[in-house]
Amino acid sequence: MTEHAVDRRDFIFRVGTGAGIAAIVYQASASLRSLVPNVSYDAPTTVKLGPVAEFPDGLKFLPDERLFVFREGNTFHAISAVCTHLGCTARAEALPSPEAKEIGGKSLRLTHRFQCPCHGSKYNGDGSNVSGPAPKPLAWYHLSLASDDGQLVVDLAHEVEHDFRLTV
Amino acid sequence: MAKPTTSSGVQRSTATAPGVHPRPFWSVRPQTDRQSGDAIVSNFLLHWFPAKTCKPSMNWTYSFWLGTMSAALLLLLVLSGGPLLFLYVPSVERAYASIKDIEFAVTFGSWIRSVHRMAAHLMVAAVFLHLVRVFLTGAYKNGIGQGQRREWNWLIGVAMLLLTLLLSFTGYLLPWDQLAYWAVTVGTNIASSIPVIGPTVRELLLGGRAIDQPTLIRFYVLHVIVLPGALGGLFLYHMWRVRKDGGLAKADSVALLGDRIETAPVKTKTYTLLGVARGTAPTVRASTIEAPDLTVNSVPDLTRRIAIVVLGTIALLSLFAVYVRSPLEEAANALVTPNPAKAPWYFLWLQEIVTDTTVRIGSFTINGAFIGGVVLPGLLVTLLTVWPWIDKSPLAAAGVWFPRTRRAQNTAFLAIVGIVIVFTLIGTFCRGPYWNLYWPWQAWPEIPTRL
């Protein structure tokens with residue numbers, strides 16, 4: 001008989017070990033894959049906020065949507081209350097006297113400022129980050145009127161620039 | 001007295017066989033060295049200890065017995081976790097109410113919960129102090145024994161500290177109160193701040209994109225099965241390694257500092273235990289580390305001290321838990337973030353550094369969540385992990401408190417520990433509403449809870 005580098009016993013041992021490892025790896029990854037969610041039952045991103053008449057001039061905070069809705073006469077804009085640092089809900093604090101600010105050629109009346117209770121980030125009334133760990137401004141969301149009943153509608157998946165206004 | 005006979009009628013002596021003694025509970029109170037050695041080998045609870053223990057390594061002021069204390073607290077956590085497993089319901093609708101029941105309706109419920117909570121708090125402290133002790137005494141250094149891998153045991157220890165912290169984190173989420181909800185929010189957003197993979201990691205942790213039932217059940221299973229299982233396994237391996245490494249580093253330092261003389265085999269020594277031979281074999285070598293004046297029988301000298309530490313920890317904690325009630329915040333409310341929203345004390349230094357580490361370079365901003373929540377803690381853990389291989393101090397520096405040859409690294413280590421402690425104190429006593437700084441004696445301004 002000639003000498004083989006791998007004899008039959010070795011060969012079967014290697015095939016067996018390899019098959020065993022492959023089976024364990026496959027079964028383990030199948031088990032772990034089951035923990036990756038395929039479906040996420042998220043809250044809808046387009047939400048009716050209520051009739052326009054329910055929004056007073058100035059600020060209304062909507063806790064469910066974590067949203068600040070501002071009204072200045074006939075124009076509306078909405079700023080997210082979700083802190084851009086680590087996602088706590090920022091709180092609004094009324095300014096002693098409103099300030100005016102020019103953003104993108106449009107003037108904005110700033111009536112409040114925002115502060116986060118978790119790590120102390122501070123934002124201006126237009127959502128721009130002023131101090132604290134927040135890395136970027138609060139998000140502005142797209143507002144529209146519902147075509148059926150005329151309610152105010154926010155699209156939480158649609159961020160807009162700071163010159164966005166909805167005029168009713 | 002008739003000697004027992006086998007079925008074939010052959011007489012057999014039971015009393016003279018190794019590990020067999022006629023009196024009940026003989027292994028608790030051995031009368032001779034022989035019985036003391038046999039007690040270790042033949043007793044299920046004691047068989048992982050050595051028959052003889054180096055006397056100086058049992059000094060109260062060398063190790064402060066912090067490892068044993070941590071193990072005792074782990075035991076208490078498992079014991080008190082048992083009834084809680086039957087009483088707690090891991091559902092977002094019922095979790096809070098079930099904790100309320102445990103606290104107010106179940107007989108001894110509030111005590112059991114308090115034991116569990118206080119033991120968890122103390123375990124974080126004990127495990128951390130144990131790590132500090134091991135570092136300061138250079139106890140992760142190998143000595144004169146063969147096959148020592150103390151640096152691996154240090155690694156296992158670091159992993160166990162992380163598991164302890166994760167167990168605490170997943171544990172305080174379970175009541176599903178305000179603390180829990182906002183801790184999950186902040187914790188998973190820290191994970192989410194990792195570039196590229198962050199959002200996927202968050203989704204995996206939450207079991208979706210929002211904090212809901214899949215989140216609670218994930219943290220629950222981690223808390224009651226996965227993490228305790230991993231910690232238990234590592235604990236057993238940790239203990240086995242201590243044995244393999246020849247006990248504490250103190251034993252090596254004692255042997256190194258003393259004169260290493262080969263002593264003649266001692267008459268009373270039972271070499272049967274070493275698996276070498278039956279009876280006293282003259283060929284067995286003994287060095288000073290096993291010399292009779294430095295070692296004592298583990299039963300009762302080691303077992304007595306372990307009993308003092310374990311029973312003492314259990315007794316003190318049980319009493320303590322009678323007087324300290326466990327707090328429960330308001331039920332989880334996704335609509336209102338508490339002001340201030342504080343993490344438990346052992347995470348406040350992290351809350352402090354995620355506050356302070358947002359970096360702005362021109363228009364480019366890196367979120368403090370990533371630097372303070374991922375990079376810096378990751379760096380600390382990496383440093384701890386590789387340190388035994390960086391530490392080039394001489395052998396004599398192991399097993400000794402504050403040796404001159406390790407002064408620089410001990411100082412650097414203590415400086416980092418100091419920073420962590422200072423940040424923890426600032427977070428605990430000096431942070432108020434909106435995470436603003438206040439002196440501890442300063443009154444916080446009154447802020448309406450709802451807008």
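**Note on a predicted two-chain model**

1. Helix H13 of chain B, residues 368-390, bends by about 30 degrees at B:Leu384, and a proline, B:Pro388, follows within four residues. The bend at a residue is the angle between axes fitted to the seven residues ending there and the seven starting there. Helices (H or I, at least four residues) and strands (E, at least two) are DSSP runs, numbered from the N terminus.

2. The model is predicted: local features need pLDDT of at least 70, side-chain atom pairs count only at pLDDT 80 or more, and totals for chains, interfaces and linings use all residues. Residues are numbered from 1 along each chain as its sequence is written, while chains are lettered from A and ligands numbered from 1 in the order in which they are written.

3. In H13(B), the residues B:Gly368, B:Ala369, B:Phe370, B:Ile371, B:Gly372 and B:Gly373 are buried. A residue is buried if 20 or more other C-beta atoms, placed from the backbone, lie within 10 Å of its own. The cover over the buried residues of H13(B) includes helices H7 (178-192) and H12 (348-356) and strands E3 (359-361) and E4 (364-366) of chain B.

4. Chain B holds 14 helices and four strands. Of its 451 residues, 35% count as buried. Among contacts in chain B with a separation of 6 or more, 70% are between residues 24 or more positions apart. Two residues are in contact if their C-beta atoms, placed from the backbone, lie within 7 Å.

5. Along the principal axes, the C-alpha atoms of chain A fill a box of roughly 100 × 40 × 30 Å. Buried residues make up 28% of chain A.

6. The largest nonpolar core has 105 residues, of which A:Ala78, B:Leu73, B:Ala119, B:Met123, B:Ala180 and B:Ala183 touch the most other members. Helix H5 of chain B (residues 109-136) gives the largest share of this core, 13 residues. Apart from it lies another core of seven residues, among them B:Ile40, B:Ala51, B:Met58 and B:Val299. A nonpolar core is a set of buried Ala, Val, Leu, Ile, Met, Phe, Trp, Tyr and Cys residues joined through C-beta atoms within 7 Å.

Key:
A residue is buried if 20 or more other C-beta atoms lie within 10 Å of its own, exposed if 12 or fewer, and partly exposed in between; C-beta atoms are placed from the backbone.
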